[in-house]
Amino acid sequence: MLKVAIVGCGKIADAHASQILRIGGCEIVAVCDREPLMAKQLYERFPVRHYFEDLAELLAKAQPDVVHITTPAETHYNIARLCLEHGSHAYVEKPVTLNAAEAEALIALAEARGLKLTAGHDDQFSHVTRRMRALVRSGYLGGPPVHMESSFCYDLGDPAYARALLSDKTHWVRRLPGKLLQNIISHGVARIAEFLTGDSPQVIAHGFVSPLLRGMGETEIVDELRVIISEERRTTAYFTFSSQMRPTLHEFRIYGPRNGLILDQDQETLIKVRGERYKSFAEKFIPPVALASQFLCNLKTNIGSFLRRDFHMKAGMKCLIESFYRSIAQNGPPPIPYREILVTARIMDSIFDQVASKRLPAGSEARVCEERMLVEMGSRGR
Amino acid sequence: MNSVASIIGPHDLILVTGATGFMGPAVANSLLRHGFKNVRAFVRPSSSVARLTAVANDRCEHARIESVRGNLLSPDDCRMAVQNASVIIHLATGGDKSYPDAFMNSVVTTRNLIEACRHQASLRRFVNVSSFAVYTNAEDKRIDEESRVGAIGGDAYTFAKVKQDELVTEYGQRFGFPYVIVRPGSVFGPGKEAISGRVGIDTFGVFMHLGGSNRIPLTYIDNCADAIVLAGVTPGIEGEVFNVVDDDLPSSRQFLRQYKRNVKRMRSIYIPRPVSYAFCRMWEKYSDWSEGQLPPVFNRRRWNSEWKKARYSNEKSKIKLGWTPKISMQEGLSRYFAGCREAQGA
């Protein structure tokens with residue numbers, strides 16, 4: 001029986017506890033929050049053996065095999081480090097750390113200790129994403145991806161989160177280097193990172209505060225972001241984050257030399273886009289029918305998953321947790337390759353650096369742009 | 001000014017948390033009407049104080065409403081807010097849909113507030129404003145202050161409110177903390193257009209009328225505010241719980257008929273109680289069986305609490321607080337419907 005602990009008893013901890021309970025061969029031995037009332041409420045609502053307000057005490061007394069870290073991002077590194085040093089495997093919620101250097105250090109520590117670590121990129125394990133991955137691996141694209149487009153939007157109209165964030169100038173999200181972006185975009189960036197082959201892709205980012213937030217007096221929270229990511233002479237990608245765009249897309253498009261795929265995370269639909277074209281007017285009539293048929297197939301698949309009681313909102317999280325526990329039990333590779341975690345972190349670092357530098361005082365802005373142009377010209381020259 | 005028997009003087013400081021919410025301005029107004037002249041409103045940094053300012057402007061004769069901005073999750077902000085307060089009326093609550101968020105914004109905040117004030121010499125009373133949602137109504141046909149309270153099966157708000165009441169009671173028992181709990185029924189009035197869930201729900205695109213002949217435990221906002229103020233200052237009621245519902249409660253059917261006549265025509269389908277009970281039971285069982293694929297938003301706890309037939313008593317509030325609803329039910333409903341029409345026209 002795998003002994004599991006959860007550190008941080010806020011909203012996402014509920015999702016973890018619910019999904020862990022659906023997995024056989026494990027039990028939640030302890031939960032921990034530095035606010036004892038929060039630890040106690042989770043303990044009271046779920047079958048949990050003990051609750052703690054001190055992580056060191058939890059590690060010493062409960063001796064968990066795995067610790068799920070669901071605290072604010074700024075604490076991930078220190079907590080994960082402590083858990084790994086104690087000999088526990090670590091599932092770290094997204095964003096895994098504040099920067100790539102911290103992620104590298106944690107991965108190095110896990111490997112040195114013979115332990116596993118994973119990041120909470122659970123969207124990567126939703127039903128529809130697994131179907132897409134299987135198609136890509138089967139060679140449907142006709143070769144390595146040529147181009148990808150990942151849209152990961154966020155509706156700031158969500159009252160609970162937005163109100164807390166906008167009204168509280170000391171909110172923990174504001175203390176993150178990438179602020180709101182850092183807390184949200186890793187799911188969308190990880191989708192791209194999965195299909196890149198290099199370790200350090202080039203990134204060009206443009207971010208700004210939306211007119212809506214500016215009108216509310218907000219100057220720090222960048223909620224509009226457009227990014228171009230490229231690997232030299234190979235795959236390119238666009239990443240879009242927007243709080244204002246409607247619909248609030250969570251979509252991924254991947255195009256190969258022969259075919260493409262369009263994944264809609266919200267609707268859990270996966271559409272194959274054929275590269276070949278029909279002749280003349282047939283192109284106007286046959287593809288719409290084929291598309292309609294594909295949507296119907298997606299509907300059938302989704303209903304089937306629902307009837308099989310396997311269509312929970314956090315089904316991806318359950319799959320990721322199960323895969324992670326399996327990798328621990330069988331000493332197999334972790335469900336998310338460490339390279340993918342690091343590439344995601346590096347892309348995010350680069351985005352936040354660029355967004356921050358563009359938000360320097362007016363006088364310094366021209367110089368930054370000039371420097372960027374020189375860097376870009378230099379890299380083209382190479 | 002209405003003078004009442006009071007544990008504090010007219011110039012003693014009264015702190016109101018959640019002061020910019022639906023109830024806050026009405027409570028501030030009632031305090032000033034009762035002759036209390038020193039009110040501190042604790043508000044979120046981003047909240048608009050326009051409605052509070054309007055209250056202060058209307059009743060500015062030798063009275064002051066001071067606004068203090070802060071976050072109840074911050075112990076420092078709480079200490080700042082409670083300084084010199086004689087009575088604390090704690091309206092602020094977490095209406096969040098997730099259990100941890102609702103709990104944090106109801107229970108952790110209440111703990112912070114109590115910890116900030118419990119050693120304060122000036123403090124005479126802490127009024128914890130709770131809710132009828134805490135009553136399970138599993139066995140009772142008459143809901144009063146002795147009715148059973150429970151969190152099991154309740155939604156996030158119910159869970160948080162039950163735990164908040166437990167926390168306050170525990171402080172009272174362990175430390176002699178001077179508290180009173182007020183549990184309003186369904187508070188209505190201009191500024192809150194939503195129809196109480198006890199009447200029905202429009203989750204599925206058409207208004208499903210679930211209340212039928214049930215009496216709806218309504219309390220008009222100004223009447224409720226008066227009861228809260230009286231609970232804050234009436235001598236000799238430490239540790240007591242008070243339910244607040246008005247007189248002449250309409251049935252759900254009567255309420256809906258008047259709403260359609262006075263606000264807007266809308267389609268509704270009456271769901272008989274046995275059918276709604278069966279639906280809630282089936283939903284609950286499916287939720288269990290499917291390991292939460294559909295969350296148990298409809299369950300027997302909710303049915304008992306919201307749609308089971310019950311009678312409601314306000315005797316204790318009338319006797320011990322000397323409270324009577326000043327605004328009649330018909331007048332309250334007229335004002336509410338006018339507010340709804342105005343909001344829809346806006």
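View 1. A:P95 lies in the loop between β5 and α5 (100–113) of chain A. Helices (DSSP runs of H or I, at least four residues) and strands (runs of E, at least two) are numbered from the N terminus. This is a predicted model: local features need pLDDT of at least 70, side-chain atom pairs count only at pLDDT 80 or more, and totals for chains, interfaces and linings use all residues. Residues are numbered from 1 along each chain as its sequence is written, while chains are lettered from A and ligands numbered from 1 in the order in which they are written. The peptide bond that joins A:K94 and A:P95 is cis, with omega about -10°. A:P247 sits in the loop between β10 (236–242) and β11 of chain A. Most peptide bonds are trans, and most residues other than glycine have a negative phi.

View 2. A:R309 is not a glycine, yet its phi is positive, about 60°. Its loop runs between α12 (282–307) and α13 of chain A. B:N137 belongs to the loop between β5 (125–129) and β6 (142–143) of chain B. B:N137 counts as buried, with 21 C-beta neighbours inside 10 Å. The cut-offs, with C-beta atoms placed from the backbone: buried means 20 or more other C-beta atoms within 10 Å of the residue's own, exposed means 12 or fewer, and partly exposed lies in between.

**View 3. The parallel sheet of chain A.** Two strands count as paired if DSSP finds at least two bridges between them. The order β3-β2-β1-β4-β5-β6 describes an open sheet of six strands in chain A, with parallel pairing. Four bridges hold the parallel pair β4 (residues 66–69) and β5 (residues 89–92) of chain A. In β5(A), A:V92 is the bridge partner of A:I69.

View 4. Strands β11 (residues 250–255) and β12 (residues 260–264) of chain A are antiparallel, with five bridges. A hairpin of four residues joins β11(A) to β12(A). A:E251 faces A:D264 in β12(A). β12(A) also pairs antiparallel with β13 (residues 269–273) of chain A, again over five bridges. A:I262 stands opposite A:I271 in β13(A). Four residues separate β12(A) and β13(A) in their hairpin, and A:E268 in the turn has a positive phi of about 50°.

View 5. Which residues of α1(A) are buried? They are A:I12, A:A13, A:D14, A:H16, A:A17, A:Q19 and A:I20. Their cover includes β1 (2–7), β2 (26–32), α2, β4 and α13 (315–329) of chain A, together with α4 of chain B. Residues are in contact if their C-beta atoms, placed from the backbone, lie within 7 Å. The contact takes 21 residues from chain A and 19 residues from chain B. On the side of chain A that touches chain B, α1 (11–21), α2 (36–45) and α7 (159–167) of chain A each give two or more residues. That side has eight nonpolar, five polar and eight charged residues. Ala, Val, Leu, Ile, Met, Phe, Trp, Tyr, Cys and Pro count as nonpolar, Asp, Glu, Lys and Arg as charged, and the others, Gly among them, as polar.

**View 6. Nonpolar cores.** A nonpolar core is a set of buried Ala, Val, Leu, Ile, Met, Phe, Trp, Tyr and Cys residues joined through C-beta atoms within 7 Å. The largest has 190 residues, of which A:A5, A:V31, B:V16, B:V27, B:A28 and B:I228 touch the most other members. Helix α4 (residues 99–117) of chain B gives the most to this core, 10 residues. Apart from this core lies another, of five residues, among them B:L210, B:C280, B:F298 and B:W307. B:V27 touches B:V16, B:I89, B:L91, B:A225, B:I228 and B:V229, leaving out residues up to four places away in sequence.

**View 7. The domains of chain A.** An automatic or database assignment sets the domain bounds. Chain A has domain 1 (2–119) and domain 2 (124–317). Their C-alpha centres lie 28 Å apart. 10 residues of domain 1 of chain A are in contact with 10 residues of domain 2 of chain A. The domain 1 side of this contact divides into five nonpolar, three polar and two charged residues.

Key:
Contact = placed C-beta atoms within 7 Å.
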